[in-house]
Amino acid sequence: MQNLLVELSEMARQVTAGLDTRAAKLDALIREADEKIVALTALRGSLNGAPLTQAVQPVPVETKPRPANAYEADPRHLEVYTLADQGQSPSQIAGALNRPSGEIELILALRPRS
């Protein structure tokens, strides 16, 4: 019975980590969609008074500037990346850094591809 409870707890932790990862990705996609909506609305507004033959310049969307390596700039993420590159599993990394395994899985899932 105790083993079943431990397995159930681990499964719940994995499901939670997966949901957290998907929620973060969904938030990023929603922000990107909102930026595109703003750009399209501005473009549509500029077309309302202009003839269709007239060239219309795209309207830049303001975004917050971010360092070139924004994810690597965070030393907490660097620790996770270093341990993962050494072949440690997310649960081993979580134990070594005393952080929740769901957080570690999220950081690794959102790691930029090189």
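**Exercise 1. Which two side chains meet in a salt bridge at 3.3 Å, N to O, and where do they lie?**

Step 1. Start with the pair itself: K36 and E32 join their side chains in a salt bridge, 3.3 Å from N to O. The term is used when a side-chain nitrogen of Lys or Arg is within 4 Å of a carboxyl oxygen of Asp or Glu.

Step 2. Before going on, know your model: it is predicted, so local features need pLDDT of at least 70, side-chain atom pairs count only at pLDDT 80 or more, and totals for chains, interfaces and linings use all residues. Residues are numbered from 1 along each chain as its sequence is written, and side-chain values use heavy atoms, with hydrogens and water left out.

Step 3. Now place the pair: K36 and E32 both sit in helix α1, four residues apart, which is about one turn of the helix. Helices here are DSSP runs (H or I, at least four residues), strands are runs of E (at least two), and the numbering goes from the N terminus.

Step 4. Here's the general idea: an α-helix has 3.6 residues a turn, so residues three or four places apart point the same way.

Step 5. Check the cover: E32 is partly exposed, at 39% relative accessibility. Buried means under 20% relative accessible area, exposed means over 50%, and partly exposed is in between (1.4 Å probe, protein chains only).

**Exercise 2. How many salt bridges are there in the whole structure, and what can you say about E10 and R13?**

Step 1. A search of the whole structure turns up four salt bridges.

Step 2. One of them links E10 with R13, and their closest N and O atoms are 2.8 Å apart.

Step 3. E10 and R13 are about one helical turn from each other, because they are three residues apart in helix α1.

Step 4. Look at the accessible areas: E10 is partly exposed at 31%, and R13 is partly exposed at 39%.

Step 5. Then try R99 and E103, whose side chains meet in a salt bridge at 2.9 Å, N to O. R99 is buried at 15%, whereas E103 is partly exposed at 30%.

**Exercise 3. Which residues make up the largest nonpolar core?**

Step 1. List the members: the largest one has eight residues, namely V80, Y81, L83, I93, A94, I104, I107 and L108.

Step 2. Sort them by element: α2 (75–85), α3 (90–97) and α4 (101–109) are the elements that each give two or more residues to this core.

Step 3. Zoom in on V80: not counting residues up to four places away in sequence, V80 touches I93, L97, R99, I104, I107 and L108.

Step 4. Keep the general rule in mind: in soluble globular proteins, nonpolar side chains tend to be buried together.

**Exercise 4. Is N98 buried or exposed, and what is its phi?**

Step 1. Locate N98: its place is the loop between α3 and α4.

Step 2. Check its accessibility: N98 is exposed, at 72%.

Step 3. Read the angle: N98 has a positive phi of about 55 degrees, although it is not a glycine.

Notes:
A nonpolar core is a set of buried Ala, Val, Leu, Ile, Met, Phe, Trp, Tyr and Cys residues joined through side-chain atoms within 4.5 Å. Contact means heavy atoms within 4.5 Å.
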